[in-house]
Each structure stands twice: as C-alpha cells, then as structure tokens.
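Colleague: I am new to this model and would like a close look at a single part. Please describe that part and then how its surroundings are built.

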Number of protein chains: 2
Amino acid sequence: MTEFSLDPRLAEDSVGIAQLNLCIVRLRNDARFPWCVLVPMRPLISELFELSDADQTQLIHETARVAKVLDGIYSPHKVNIGALGNHVAQFHMHVIARRSGDAAWPGPVWGAGQRIGYSGEELMRNAQLIAARLR
Amino acid sequence: MTEFSLDPRLAEDSVGIAQLNLCIVRLRNDARFPWCVLVPMRPLISELFELSDADQTQLIHETARVAKVLDGIYSPHKVNIGALGNHVAQFHMHVIARRSGDAAWPGPVWGAGQRIGYSGEELMRNAQLIAARLR
C-alpha cells in the first residue's frame, strides 16, 4: 500500500505548524504574505475530485478553519484560497491572508515576484501564533 | 431579509449554465481556458468561513463535480480551483481546466493577459456541453 509522504517541493521554503485530522498545515516562509498550505495526508491525490466525499468535506472545513485563524490574527482585506498544482501535482490547498497594497495586490500571489524569507525569529513567532489558534 | 443576487461584475463576460443545490454555475466567455465560476446563492458572503458548515460541504462537492465535468470534457493537464475575491467581494469559486502550454501556463489565470471571447457558436457549444454533463 502506498503511504502518504509530503512532496519535497512543498516542504521546501515552508515549516510544519500543525496536523489536523486530514491535512498537515505548513507556513510558507514568505514575509510578504501570511500564507499557509494544507496537504491532505492521502497518497496519490492530485485533483479535488480524487478525494472521497468525506475527505472533501473534511478538507473544506479545515481550509475554512485555517482561513478564519489567519483572518483573526492578521485582519486581512481578503483571504484567498486556491488549489492549482501546475508545478507540484500533489494536491495542496493554499490559504493566504491578503492585505490591500501587499506585494501582489490585487493579483494572485502565485508566480508574483520573489519570496522574501522571514527572519528566524519572525518565522517562529508567526508559526507559533497560527499553531496556537489551530489547537 | 436580504436576498441573494449575483454581483453584476460576476455576470459580466460569462453566461449562466446551471443551477445546482447551492451554487449557480457560469461559464466565463474566455476561449483561452475552459473556466467555470460557482457562486453560492447566499447573500452577504465574502469569505469561505462565513458559509455554514453544511454550505461549505455542499460547495466543495459542487466544486468537485464541476471540476470532474471539465476534466472529462477537456482532458486538461490540471484543474485549478480558487476563491480570491480581491476584485469582487461576493464569494465565488473558480474552476479552470488548464492545459500545459495554455496562455497562462504554468502561472495562474487570474490577471493573466486579456480575455478572448468565444465565437457565439463556440460559447453555446461549450456551455451546452458542460450543462449536459452537470445534469
């Protein structure tokens, strides 16, 4: 039986902050945007419709939960969610707190400019802040 | 009581093709990408987490259903889904069939270049094709 393992390209440039019932949650190390990525712990899934109905339900509830946490912490103008997978096929859902005037506003964050890493302290602080509210 | 009405900016440049239990489905008139937009028929919703749990569940199942229909018709390399709302606050979910080498590949479609309308016949043909499979 094939087991779930996180695609190394999704692990890159992000840190693990929580494990929910279906998804692992990672914080992308990009100081320009508060940006989480949820990855369902199921092997060989690249499209939403390949998840079972029950997993789809769990996914959307976990996505909404992360979105609400980011909204609560960062008071963004808008939360963006998206599952593209044009670069990395393993299914993953982005949840990004968008501020009017941020580095990509009002366009999408994907493919916009270059990532700017947090300082080590800021990365830890944001990761802990989000993780605490997801508990 | 406030009633649902479709934001005119979402109605623009698209045609209605189906009404599911929660969402209306529209086909964007952009011949570059097979691109549907789902709008939950609920007033005053701009964020996913403002929908009830039951509506979130319905939304993801309807999103997956549309994604699977587009996948079946167009055999894309990848289906992209996303709810951004940076321009139009009314909650809406995009479902786009992406072909490797299409006009925005591998980037996101949002904000990429200019819309290219279908011919009237091609618009009708694609709308009917998708609508028939959603029935």
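Modeller: Six of the six residues of strand 5 (residues 93–98) of chain A are buried, so the strand is largely enclosed by the rest of the structure. Buried means under 20% relative accessible area, with exposed over 50% and partly exposed in between, using a 1.4 Å probe and protein chains only. Strands (E, at least two residues) and helices (H or I, at least four) are DSSP runs, numbered from the N terminus. This is a predicted model, in which local features need pLDDT of at least 70 and side-chain atom pairs count only at pLDDT 80 or more, while totals for chains, interfaces and linings use all residues. Residues are numbered from 1 along each chain as its sequence is written, chains are lettered from A and ligands numbered from 1 in the order in which they are written, and side-chain values use heavy atoms, leaving out hydrogens and water.

From strand 5 of chain A, Met93(A), Val95(A) and Ala97(A) point one way, and His94(A), Ile96(A) and Arg98(A) the other way; all are buried. Strand 5 of chain A runs antiparallel to strand 3 of chain A, joined by four bridges. Two strands pair if DSSP finds at least two bridges between them. Here His94(A) is the bridge partner of Val37(A). Strand 4 of chain A is also antiparallel to strand 5 of chain A, with five bridges, and Lys78(A) has Arg98(A) as its bridge partner.

Strand 4 (residues 78–83) of chain A in turn pairs with strand 4 (residues 78–83) of chain B, antiparallel and over three bridges. In this pair, Gly82(A) stands opposite Gly82(B).

The whole is an open sheet of ten strands with antiparallel pairing, in the order 1(A)-2(A)-3(A)-5(A)-4(A)-4(B)-5(B)-3(B)-2(B)-1(B). Strand 1 (14–19) of chain A and strand 1 (14–19) of chain B stand at the edges with a single partner strand each, so one side of each has no neighbour in the sheet. On average, neighbouring strands of this sheet are turned by 25° against each other, direction ignored. Helix 3 (residues 120–134) of chain A packs on the sheet, touching strand 1, strand 2 (23–28) and strand 3 (35–40) of chain A, and its direction makes about 20° with that of strand 1 of chain A. Contact means heavy atoms within 4.5 Å; axes are lines fitted to C-alpha atoms, for helices over the stretch in contact, and angles run from 0 to 180 degrees between N-to-C directions.
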